[in-house]
Amino acid sequence: MSEIAQFRHDCDALEITWADGSACRLPALWLRDHCRGPECRDPVSGQRLVNITDIPADVAIGRAEFDGAGLIVEFAPDGHRSQFDPDWIFRNAPPASAPPGDRSAAGKTLWRGGDFAGALPRAGYAQFAAGGTALRDALAAVRDYGFVLLDDVPRRPGQVLDVIGRFGYVRETNYGTLFEVRTRVDANNLAYTNRGLGCHLDNPYRDPVPGVQLLHCLESTTEGGESILQDGFLAAQLLRDENDAHFRLLADTWIDFRFVDADADLRARAPLIEIDDRGDIVKIRYNNRSIDTLRLPPVRLAEFYPAYRHFAEILERESLQLEFRLEPGQLLLFDNTRVLHARRAYSAAGARHLQGAYSDLDGLYSTLYRLEAGG
Ligand code: OGA
Ligand code: ZN
């Protein structure tokens, strides 16, 4: 219980000093907009019943008192009364500056390949599938590091979809509910050949991009085919540190991404690096195979190319890269808005078969929040 040491108000705002010495200022309109009474919020769903235009534009605090159970506020000019739980106010009062979003680089642990010293974020699939703390920790690793490696995932075709069912929802695409990553003739995507793939994020040509990707290894007896991961948020941060103008250009320049085959023509327009209102990095879209014709004025192109090259050079630094071999029965689960993946070329002899699928970050975070809340 957060104790109120002192409170005072004028018509514009209410100021509270808490027993721990901290203080907050609650503007009248904010208080009214956050009224949790039955006229303002549906008691069952908790959803808001009033629109901002239903609140008098000149709303003011008429009276305020603390009656032991809660804070009672009477608003002018309409006399609306609200009761606020001090704990709720303590946790939710307007902060001095906007806090970082849970998708942004600000709250995450940025990494280079060597940082893990062989100890990757990982979980056994039986524990992951049982839920509870193992699932919570694995999903927290996706939030904090952008990936987790699952071991002992049954080598059953379609298993990747069951894995998604443990934390979220399958994102079906033109490749199907899942896609087969193995060499095939007339491949509509370089992923389905034995060529190496440079570091990339999948599907920047979708709107929205699938936020979660899974790659499940069913078979791997070829020479080569090693996997590489790297932290795109760290790479973007390095770009900003090394040349702020380059960083800004990539954040400010919207370019076209496209995928075309016999059945699909997918297009999206977005920047290579997306930042939020705090300037924090929130999303990377980088895939040299999927950038469409650059329709930028020549002057802009002359600025864009050096910035794009600089970012690509950072992404080629081996010190950033984490390389390992994905073995049969292992599954990589990663944030496709942050962690880039790559693959070394592999031999024609032998067989390599992965099944991949997509999901979205909101479902994954939802499961994580509930587990963290003890639910
Ligand atoms: C993909 C991909 C990597 C691999 O299918 O998107 O990048 O290891 N595959 O085959
Ligand atoms: Zn890929």
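A residue counts as buried when its relative accessible area is under 20%, and as exposed when that area is over 50%. Keep this in mind for the close-ups below, which come from a predicted model.

**View 1. Three residues hold the zinc ion (ligand 2).** Are His-200 and Asp-202 buried or exposed? Both His-200 and Asp-202 are buried.

**View 2. Helix 6 packs against helix 7.** Here you can see residues 232-242, which form helix 6, beside residues 244-252, which form helix 7. Their axes lie 5 Å apart and meet at an angle of about 130°. Because of that angle, helix 6 is oblique to helix 7. Helix 6 brings Ala-236, Leu-239, Arg-240 and Glu-242 to the contact, while helix 7 brings Asp-244, His-246, Phe-247, Arg-248 and Leu-250. Sorted by class, the residues in this contact are four nonpolar, one polar and four charged.

**View 3. Ser-290 sits in a loop.** To find Ser-290, follow the chain between strand 16 (281-284) and helix 8 (298-315). Why does Ser-290 count as buried? Its relative accessibility is 5%, and the cut-off for buried is under 20%, so Ser-290 counts as buried. Leaving out residues up to four places away in sequence, Ser-290 touches Pro-204, Tyr-205, Asp-256, Phe-257 and Arg-258.

Definitions and conventions: Residues are numbered from 1 along each chain as its sequence is written. Chains are lettered from A and ligands numbered from 1 in the order in which they are written. This is a predicted model: local features need pLDDT of at least 70, side-chain atom pairs count only at pLDDT 80 or more; totals for chains, interfaces and linings use all residues. Side-chain values use heavy atoms; hydrogens and water are left out. Donors are N, O and S atoms within 2.8 Å of the metal (3.2 Å for Na, K and Ca); water is not among the atoms, so sites may look incomplete. Buried means under 20% relative accessible area, exposed over 50%, partly exposed in between (1.4 Å probe, protein chains only). Axes are lines fitted to C-alpha atoms, for helices over the stretch in contact, and angles run from 0 to 180 degrees between N-to-C directions. Helices (H or I, at least four residues) and strands (E, at least two) are DSSP runs, numbered from the N terminus. Angles under 35 degrees count as roughly parallel, over 145 as roughly antiparallel, 65 to 115 as roughly perpendicular and the rest as oblique. Contact means heavy atoms within 4.5 Å. Ala, Val, Leu, Ile, Met, Phe, Trp, Tyr, Cys and Pro count as nonpolar, Asp, Glu, Lys and Arg as charged, and the others, Gly among them, as polar.
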